[in-house]
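Q: I am new to this structure and would like to learn how to read it. Can you take me through it feature by feature?

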Amino acid sequence: VDILTFHVDRSGVSSFNQFIHELSLESDTSSIDYSSDDSNLDETYPASPSSHGSRSSRTSFPINNAWHWTDLMACILSLILLPARLLLWMPFLVFRLLNIWGSKTSSDPGNPHLRNFHSFRNMHTTKDHVVNRSIDRRRGVVEDLHLAIEIFIEAIFDVLHKTVHCVLSPSSAFRIFRKLFSSASAGVKDVDNDVLNASIPPVTLGDKDPAPIERNPTLHQALNTDARTCKDIITELGYPYEAIHVTTADGYILLLERIPRRDARKAVYLQHGIFDSSVGWVSNGVVGSSAFAAYDQGYDVFLGNLRGLVSRGHVDKNIPSRKYWWFTVNELGTKDVPAMIEKIHEIKTDELKMIQPDEETNDEQPYKLGAIAHSLGGAVMLMYTVTRLIEQKPHRLSRLTLLSPAGFHDETIFILTVAHYFVVPLGPILAFFVPALYIPTRFFRMLFNKLARDFHNYPALGGLIQTVLSYTFGGDSSNWVGVMGLPHYNMDDMPGLSLGVIHHLAQVKWKGKFVMYDYGNASANMKAYGSPVPIDLGEYYSLIDIPIDLIAGRKDKIISAAMVTRHYKLMKDASVNVSYKEFEYGHLDFTKSNQEDILAYVMSRLLLVEPALKHQSSQKKTLKLKKKGQASS
């Protein structure tokens, strides 16, 4: 801290200067001297010019307690400024007390406050979760405000400090200004403009190479936000990665991500749900994520991403926002999933033929493909399977495992019921003004990301938000705060929700059936389905020819266990090979929380998919036998 002497008498410095210096030392913890020997400090670290000046101002003159008229004025000014300083430091004290109180309640097992947030704290697994407080040092909004307040207070008092010095010591101020102007006019210090404008890049020292290496900070590092993608998470954990771009029949460009195991004859396709992306399948780290567990079991893993990202991938780069966002569940199940499944079939068939050219399977599919889907993804996979069977086209699947699948919504929480009955009559009109639900700008997405960090960093605030969201969604016990901190809600991109999808789900609730989208008139429905009414997919469950595993959560209030049971009863009546299992978890716990029992059960169902049996073709067998006979003769 630079110390400017206001008025020095013949034997020492003024008391006001000493008072300001003490306040600065109290507020600036970075300037605390932990060494008792000044000589050792000088040997270790070379002193800066400002440190020499400040040291000389403190040690060159003996301090005299004699009073001067400037001391009286300094005391009066200090009494005037002290309440202002305390007032400006109030936010800092509040944040500090909140932080201390939160840390005490989280560390004291006998504290009654701990029991209030016990369920919230249990949601976080610091060992395997990607968003880990111990290693994630991103700042939240509260921490940014804290830092800004400190800088603001220091700037105010620096201005006041210099102003009071000029008022109380005009001769000294006059000498300084005269020296500055005389030096500038005489040209004593001729400084080159190029030197002033030269940029000095920040450097870091490597572990092996001592030479400075230039570091190029990105915008996300500068803003202290998390913008990791699914690729970043997979590669950081040491797994292979591959990105595949798939174009649908209506021109949407989808990202199909892969953890490749090219020689595997068993593969799995993972499909996310609403307001989600492929990040949800890898967000629990190596131990708790379905994607990594499947890969470790020998599967070739494919992660599907449905249309509906803010980045708006489409062959038409200038597609209007309203046109891009107008789609329903129909398009997800009849265009997105077929395009990605067929791409998987093309890739796997070509790779296996190249790797093992002398072997083939009983049919044209040399691999087995299982699928795991969550929430809306479960309804999309059921729609895909049934419509492909109606059209008599191959669906390529060997087994379906559905985690709390959508499709029936007779029993929903109050807020969703109100939204459904509001959207049914007004959906097409609302879509004209609000085509989708998402955070529109980079700034507000960054703000959301930072607020999510505050919910993690301050347990009291996080527990409050968790409780409010839990009651808002009917008591669902999902880890809402943890989900908001995932990196797929970042400033660059995020999944949105089309109002067409909302309107479709509202129709499903209104009709009480798992139906395809009703276009509102008989002619449009006739053109789409060949009938004046939309197809009831539940009536075609008898066509399903693969095993189905249904998993529900007893604490799930978004899609209740009773609604998943509707699927089970219809499939059971249609003689489908179906199983049903319930767990004591909420809607998001199936993918966003590290629940070992759920993961173990899902993997046990997936392992029932046997790899495709391989055998040598009859023609190649005959050729080998002929060559063997000629050699023996």
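A: Gladly. Start with the kind of model: it is predicted.

Q: How many helices and strands are there in the chain?
A: The chain has 27 helices and 14 strands.

Q: What share of the residues counts as buried?
A: The cut-off is a relative accessible area under 20%. Of the 633 residues, 46% count as buried. The chain exposes about 33600 Å². Carbon and sulfur atoms supply 60% of that area.

Q: Now the pockets. How much space lies in the largest pocket, and which residues lie nearest its centre?
A: A pocket is an open set of points, while a probe in a cavity cannot get out. The largest pocket holds about 1100 Å³. Its lining has 34 residues. Nearest its centre lie Ile-274, Phe-275, Phe-473, Trp-480 and Leu-497.

Q: Which helices supply at least two residues of that lining?
A: Three are to be found: helix H18 (414–433), helix H21 (480–484) and helix H22 (499–511). H18 gives the largest share, five residues.

Q: How does the lining of the largest pocket divide by class?
A: There are 25 nonpolar, seven polar and two charged residues.

Q: What does UniProt place at residues 413–439?
A: The record, an unreviewed entry, gives "transmembrane region" there. Such annotations may be inferred rather than shown by experiment. In the model, residues 413–439 are 74% helix and 7% strand. The end C-alpha atoms of this stretch are 24 Å apart.

Q: Next, the cavities. How many of 30 Å³ or more are there?
A: The count is four. The largest cavity has about 170 Å³ of space. It is lined by 19 residues. Closest to its centre are His-272, Gly-273, Leu-306, Arg-307 and Gly-496. The lining divides into 10 nonpolar, seven polar and two charged residues.

Q: What is the volume of the second largest cavity, and which residues are closest to its centre?
A: The volume is about 90 Å³. Of 13 lining residues, Gly-288, Ser-290, Phe-590, Thr-591 and Leu-599 are the closest to the centre. Two elements give two or more residues to this lining: helix H25 (589–592) and helix H26 (596–606). By class, the second largest cavity is lined by five nonpolar, seven polar and one charged residues.

Q: Let me try a single residue. Where is His-374, and what does it touch?
A: His-374 is found in strand S8 (residues 368–374). Leave aside residues up to four places away in sequence. His-374 then touches Gln-271, His-272, Gly-273, Trp-281, Leu-403, His-587, Leu-588, Phe-590 and Thr-591.

Q: Why does His-374 count as buried?
A: Compare its value with the cut-off. His-374 counts as buried because its relative accessibility is 3%, and the limit is under 20%.

Q: How do I read phi?
A: Most residues other than glycine have a negative phi. Two serines here have positive values. Phi of Ser-404 is near 45°, and phi of Ser-575 is near 65°.

Q: Where are these two serines, and is each buried or exposed?
A: Ser-404 is in the loop between strand S9 (399–403) and H18. With a relative accessible area of 0%, Ser-404 is buried. Ser-575 is in the loop between helix H24 (561–573) and strand S13 (578–583). At 68%, Ser-575 is exposed.

Q: What does Gly-512 touch, and where does it lie?
A: Gly-512 lies in the loop between H22 and helix H23 (522–529). Not counting residues up to four places away, Gly-512 touches Phe-408, Asp-410 and Arg-566. Phe-408 is 104 residues away along the chain, with 6.8 Å between the C-alpha atoms.

Terms used: Residues are numbered from 1 along each chain as its sequence is written. This is a predicted model: local features need pLDDT of at least 70, side-chain atom pairs count only at pLDDT 80 or more; totals for chains, interfaces and linings use all residues. Side-chain values use heavy atoms; hydrogens and water are left out. On a 1 Å grid over the protein atoms alone, a cavity is a set of points where a 1.4 Å probe fits but cannot get out, and a pocket is an open set with protein on both sides within 12 Å along at least five of seven lines; lining residues have an atom within 4 Å of a point. Grid points are joined across faces, edges and corners, and a volume is the space filled by probe spheres set on the points. Ala, Val, Leu, Ile, Met, Phe, Trp, Tyr, Cys and Pro count as nonpolar, Asp, Glu, Lys and Arg as charged, and the others, Gly among them, as polar. Helices (H or I, at least four residues) and strands (E, at least two) are DSSP runs, numbered from the N terminus. Buried means under 20% relative accessible area, exposed over 50%, partly exposed in between (1.4 Å probe, protein chains only). Accessible areas come from the Shrake-Rupley method with a 1.4 Å probe; for residues, only the protein chains shown count as cover. Contact means heavy atoms within 4.5 Å.
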